[in-house]
Amino acid sequence: MSNLYEICYLIMIGTASAAAFATGGSTLQMLFGIPYWVCTLIIAAFIFVIALFGTSVVRKCASTLSVLILIGLVLVLVPNIIVQWDAITAAISNLVSGKMPVISGESGAFGPALYSAVLYFFFQLASVSVMYQHMEPVTDKKQINKAAIEIFVFNFFAMELSIIGLLAVAYAADLVTATVPMLVLVQNGVSSGLLTPIISVLIILGSISTAVNMISGIVTRCVNAVERRMRSEQERQNGHLVRNAIATLIFTFLAFAIAQFGLLAVVKQGYAYLGYAAFITLFIPFIIHVIVTKGKEV
């Protein structure tokens, strides 16, 4: 089962990192009109530089970016939600009556919606593996439990805020051709001239933060696996930065290459496959483990 999990892990690194590249690249393309591949190359350069310097730098960058992104989301979304509240309530009424948003291919039935939500849960389950690199400072299980609760609260808050905001443009014609729906919300909302650059920077920072965590996680695993076979600490230190650079370059290029398929293709196809892989390699073994150990080792 461990070998199957490694396959799942590689799918996760490829799809989630590529989606982050594609999100940042699509945002830059919409803002400046430069070729998509150039935009993703710019994102790749930033990610490579940050991930190159190891987990301690990544942790500091990720923490700082997370705080900035949450503050920015509140500053951007709350005014738009207030100003466009009539459009949001109208969208809710449309959903209740069975009319789906313009970009939805679903019927609105509960079953398919629940299936998509569960599949997304399995996709997120796979990303727990990138927490590996952040475990070094942990000294107690209570810290992990506390962090898990905080992660849930902040992610739930950010996701619900985004969903409520996006309801304002759920039936906007511009949404059909948009690759980054959040930009449509801001461009059609209050103070678009001021808030569009802010939300664009937040999206790019979020994509960089996500990709850096993913790539740095697998680089740390690979480099540590190689260095564990070395006999002395001195031998590990010699060439550590080179090994880190080579691994970072390989996985950054892999994500960059996959991102060339485009954001929607990566999300629609890649996330679904990752969800199925996580169900087989993570969820089922976890349930079996809980049953066998009677929950004592959870």
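The following exercises, each with a worked solution, concern the predicted model shown above.

Residues are numbered from 1 along each chain as its sequence is written. Because the model is predicted, local features need pLDDT of at least 70 and side-chain atom pairs count only at pLDDT 80 or more, while totals for chains, interfaces and linings use all residues; side-chain values use heavy atoms, with hydrogens and water left out.

**Exercise 1. The whole chain**

Task: Describe the make-up and the overall dimensions of the protein chain.

Solution. 
- Step 1. Helices (H or I, at least four residues) and strands (E, at least two) are DSSP runs, numbered from the N terminus. The protein chain has 11 helices and 0 strands.
- Step 2. The radius of gyration, taken over C-alpha atoms, is compared with the globule rule, which is 2.2 Å times the number of residues to the power 0.38. For the protein chain the radius of gyration is 21 Å, close to the 19 Å that the rule gives for 298 residues, so the chain is as compact as a globular protein of that length.
- Step 3. Along the principal axes, the C-alpha atoms fill a box of roughly 65 × 50 × 35 Å.
- Step 4. Buried means under 20% relative accessible area, exposed means over 50%, and partly exposed lies in between (1.4 Å probe, protein chains only). Of the 298 residues, 38% count as buried.
- Step 5. Contact means heavy atoms within 4.5 Å. Among contacts between residues at least 6 apart in sequence, 76% join residues at least 24 apart.

**Exercise 2. Helix 2 and helix 10**

Task: Determine how helix 2 and helix 10 pack, and which residues form the contact.

Solution. 
- Step 1. Two packed helices are described by the angle between their axes and the distance between the axes. Axes are lines fitted to C-alpha atoms, for helices over the stretch in contact, and angles run from 0 to 180 degrees between N-to-C directions.
- Step 2. Helix 2 (residues 36–52) packs against helix 10 at an angle of about 155°, with the axes 10 Å apart.
- Step 3. Angles under 35 degrees count as roughly parallel, over 145 as roughly antiparallel, 65 to 115 as roughly perpendicular and the rest as oblique. Helix 2 is therefore roughly antiparallel to helix 10.
- Step 4. Helix 2 contributes Tyr36, Trp37, Thr40, Leu41, Ala44, Phe48, Ala51 and Leu52, and helix 10 contributes Leu241, Asn244, Ala245, Thr248, Leu249, Thr252, Phe256 and Ala259.
- Step 5. Ala, Val, Leu, Ile, Met, Phe, Trp, Tyr, Cys and Pro count as nonpolar, Asp, Glu, Lys and Arg as charged, and the others, Gly among them, as polar. The residues of this contact divide into 12 nonpolar, 4 polar and no charged.

**Exercise 3. Helix 8 and its partners**

Task: Describe how helix 8 crosses helix 10 and helix 2.

Solution. 
- Step 1. The axes of helix 8 (residues 192–227) and helix 10 (residues 240–259) come within 9 Å and cross at roughly 135°. Helix 8 is therefore oblique to helix 10.
- Step 2. The residues of the contact of helix 8 with helix 10 divide into 8 nonpolar, 4 polar and 2 charged.
- Step 3. The axes of helix 2 and helix 8 come within 9 Å and cross at roughly 50°. These two helices are therefore oblique to each other.
- Step 4. Ile43, Phe46, Ile47, Ile50 and Ala51 of helix 2 meet Ile204, Ile208, Ala211, Val212, Ile215 and Ser216 of helix 8. By class, this contact has 10 nonpolar, 1 polar and no charged residues.

**Exercise 4. Individual residues**

Solution. 
- Step 1. Not counting residues up to four places away in sequence, Thr248 touches Phe48, Ala51, Leu52, Ile215 and Val219.
- Step 2. Leaving aside its neighbours within four places in sequence, Thr15 is in contact with Val266, Gly270, Tyr271 and Leu274.
- Step 3. With neighbours within four places in sequence set aside, Leu119 is in contact with Ala272, Gly275 and Tyr276.
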